Amino acid sequence: FSKITFNFLVVGHTKNAADRLFNTLKEGYHKENIFTMDQLDSILSKSNRVTVSQSEEADFFNYGRLFDQFYSDLAGKIKQNHIFHCGDGSTVGNQIEMHLRESALDDDHVVNHKTIKRGFLTR
């Protein structure tokens, strides 16, 4: 891809299909006393619209630890920004610059963030 833009919905204002399904599931488990994962699985599995698959810690790879070796931290920049863009003109040498914005409004300024850690020479 020559250009990537991520748009994240503002917390509390999401109205997509996944949110509706989570709300449907919450209606079931908010009325129950749940003490184990098996109990939660049983209650969530009552929904006709959702298939529950239990996972274990071993099912997940710690990509955060891997990527932390190469990429700079976005801590403190995620919640206030909702548009993340990299594209043509974002790369200078080995460095990729990500453009962060709070919204698409004209008066919102762009914050530039260098994504590759200093000293990491290859991609």
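## Two pockets

On a 1 Å grid over the protein atoms alone, a pocket is an open set of points where a 1.4 Å probe fits, with protein on both sides within 12 Å along at least five of seven lines. Grid points are joined across faces, edges and corners, and a volume is the space filled by probe spheres set on the points. With that in hand, the largest pocket holds about 240 Å³ of space. This is a predicted model, in which local features need pLDDT of at least 70 and side-chain atom pairs count only at pLDDT 80 or more, while totals for chains, interfaces and linings use all residues. Residues are numbered from 1 along each chain as its sequence is written, and side-chain values use heavy atoms, leaving out hydrogens and water.

Twelve residues line the largest pocket (each has an atom within 4 Å of a point), and those nearest its centre are Tyr 71, Leu 74, Cys 86, Met 98 and Thr 115. Strands S2 (83–86) and S4 (95–101) each give at least two residues to this lining; strands are DSSP runs of E with at least two residues, helices are runs of H or I with at least four, and both are numbered from the N terminus. By type, the lining has eight nonpolar residues, three polar and one charged. Here Ala, Val, Leu, Ile, Met, Phe, Trp, Tyr, Cys and Pro count as nonpolar, Asp, Glu, Lys and Arg as charged, and the others, Gly among them, as polar.

The second largest pocket has a volume of about 160 Å³. Eleven residues line this second pocket, with Lys 3, Ile 4, His 85, Cys 86 and Gly 87 closest to its centre. Strand S1 (4–7) and S2 each supply at least two of its lining residues, and the largest share, three residues, comes from S2. Its lining comprises six nonpolar, three polar and two charged residues.

## The buried face of H2

Helix H2 (residues 37–44) buries Asp 41, Ile 43 and Leu 44, where buried means under 20% relative accessible area, exposed over 50%, and partly exposed in between (1.4 Å probe, protein chains only). Viewed down the axis of H2, these buried residues fall within an arc of 165°, so they line one face of the helix. The arc is that of the directions from the helix axis to the C-beta atoms. Helix H1 (17–29) is part of what covers the buried residues of H2, with contact meaning heavy atoms within 4.5 Å.

Asn 62 sits in the loop between H2 and helix H3 (63–68) and is partly exposed, at 38% relative accessible area. Its side chain reaches the backbone nitrogen of Arg 65 at 2.9 Å, and a polar atom of that side chain lies 3.2 Å from the backbone nitrogen of Gly 64.

Definitions and conventions
Polar contact = N/O pair within 3.5 Å; in protein donor to acceptor, adjacent residues only side chain to side chain.
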